[in-house]
Amino acid sequence: MSILTLFVVIPLLMLLGLWLAANDNQVRGVMVTGASALLVLAIWLTVTFAQMRSAGNTDAMLFTYSVAWFKPLNICYSVGVDGISVVMILLSAIIVFTGSFASWQMEPMKKEYFLWFVLLSIGVFGFFISTDMFTMFMFYEVALIPMYLLIGVWGTGPKEYAAMKLTLMLMGGSALLIIGILGIYYFSGATTMEVTEIARLHNIPVAIQKIFFPFIFIGFGVLGALFPFHTWSPDGHASAPTAVSMLHAGVLMKLGGYGCFRIAMYLLPDAAQQLSWIFLILTTCSVVYGALSACVQTDLKYINAYSSVSHCGMVLFALLMMTQTAITGAVLQMLSHGLMTALFFAVIGMIYHRAGTRDVRYLGGLMKVVPFLSVAYVIAGLANLGLPGFSGFVAEMTIFVGSFQNPDMFHRVCTIIACTSIVITAVYILRVVGKILYQKVPNEKLLQLHDATWDERLAVGGLIFCVAGLGMFPLFFQNMISGAVAPIIQHILGA
């Protein structure tokens with residue numbers, strides 16, 4: 001059995017522990033123990049993977065393991081990781097760990113809430129370690145289903161509407177995915193659903209690829225906030241509890257970009273080259289539209305939700321540019337956005353818990369009242385707008401430099417248009433920071449607020465450390481990602 005299976009086994013043990021827990025303290029103990037174990041395991045995997053690559057191990061996937069699961073359809077439980085998978089697993093472990101502390105005071109039904117939260121994490125980890133298409137799809141569904149209850153039961157505002165809208169749109173994307181996956185399997189002539197095996201055969205006719213590529217790309221793109229299929233995202237984010245927003249925007253939406261690259265582009269490379277211009281136009285719209293929409297919002301969560309549409313659109317945008325630099329930037333953007341949007345949603349949730357509102361028109365002077373949370377919000381905002389020294393700058397610069405490497409006018413015009421999002425992002429971030437942190441306190445109630453507790457400081461501080469660490473020392477992850485991207489982009493371009 002591969003060590004990677006522990007990323008599924010540990011959450012399963014957490015589910016058992018939560019089921020047996022008799023009180024809130026035991027629930028918290030199970031969550032902290034399990035989340036800590038996942039984080040330690042993810043750090044060990046990252047370091048060990050880097051050491052194996054440095055020692056000259058050139059295998060496409062490491063820590064591989066495969067066992068037949070359903071022989072009539074050649075479905076296997078197959079796992080393995082490359083540099084991209086390792087980075088996503090580390091991101092997931094960080095968000096689960098910090099999200100556990102951000103939910104420390106969750107009420108009501110704390111036990112039931114964490115049961116669904118852990119089930120969601122099982123789907124996320126299982127998706128990133130899987131190398132079999134059907135197994136990936138199964139874990140993908142496991143990750144989506146808990147969102148309905150987590151938002152519909154523990155959310156705020158029009159939570160039932162948001163939960164149903166999210167579920168219906170993502171299930172619609174799943175229907176497209178299963179059609180595309182079965183089409184790839186049938187026409188590839190493979191005796192397995194193993195992704196690397198199908199890519200090695202590379203015998204799907206171009207005409208067939210062009211039929212199934214939109215099914216896969218749109219199916220995953222719905223979760224990646226692809227325009228115009230993004231409308232579920234702002235409502236879902238705004239209604240979700242704090243930790244669910246962190247995991248949803250920080251990790252779950254990354255399944256979309258990861259799947260588009262790992263399955264749609266890798267297994268259908270000819271169609272990816274011929275049809276990329278259509279989806280490049282849509283992703284350019286996502287980048288700019290999301291940023292513009294954030295400018296006119298007054299709810300802090302909606303501002304960050306539309307910002308996520310823009311930044312996740314940038315991931316798909318970079319993937320479609322099909323240069324090694326741009327795709328490396330796309331994976332860095334998934335990591336960066338996951339960290340900084342989790343930080344944003346954590347701080348916003350803590351402010352809302354104290355002030356009872358997320359409306360910027362009724363907030364002000366928070367820097368005097370809750371200085372720790374205010375400084376954390378400023379740091380998240382600066383990372384979001386791409387200030388040098390934070391993770392956002394590294395990711396966005398890599399994307400735009402890599403995108404501009406395409407010599408044709410179409411790709412460069414799209415790149416220039418997408419670059420305008422940097423300016424737009426600065427507008428809405430600085431406007432909100434100035435309004436809620438430094439203007440006059442609008443009412444006496446806000447003067448009674450208390451700053452972050454120890455558990456909240458731990459969650460927020462950990463995310464700040466990661467955002468700054470990636471911004472200051474990006475080469476470790478950049479080299480790891482670039483090494484995984486190189487053979488895949490060569491396969492896509494037929495080099």
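Predicted model: local features only at pLDDT ≥ 70, side-chain atom pairs only at ≥ 80, totals over all residues.

Visitor: Okay, what radius of gyration does the protein chain have, and what would a compact globule have?

Guide: With 495 residues, a compact globule would come out near 23 Å, and the protein chain has 21 Å, so the two agree. Along its principal axes, the C-alpha trace spans about 70 × 60 × 45 Å.

Visitor: How many helices and strands are there in the protein chain?

Guide: You'll find 20 helices and two strands.

Visitor: And what share of the residues is buried?

Guide: Buried here means under 20% relative accessible area. In the protein chain, that covers 63% of the 495 residues. Now look at contacts with a separation of 6 or more: 81% of them join residues 24 or more positions apart.

Visitor: How do I look for empty space inside?

Guide: Rolling a probe the size of a water molecule over the atoms shows where empty space is left.

Visitor: Which helices each supply at least two residues of the largest cavity's lining?

Guide: Those are α7 (195–201) and α11 (254–267). The lining residues include I198, A199, Y266 and L267, along with H491. By class, the lining has six nonpolar and four polar residues, with no charged ones.

Methods. Residues numbered from 1 in each chain as written. Heavy atoms only, no water. 1 Å grid on protein atoms, 1.4 Å probe; cavity = no way out; pocket = protein on both sides within 12 Å on 5 of 7 lines; lining within 4 Å. Helix = DSSP H or I, 4+ residues; strand = E, 2+ residues; numbered from the N terminus. Nonpolar A, V, L, I, M, F, W, Y, C, P; charged D, E, K, R; others polar. Rg over C-alpha atoms; globule rule 2.2 N^0.38 Å. Buried < 20%, exposed > 50% of the residue type's maximum accessible area, 1.4 Å probe, protein only. Contact = heavy atoms within 4.5 Å.
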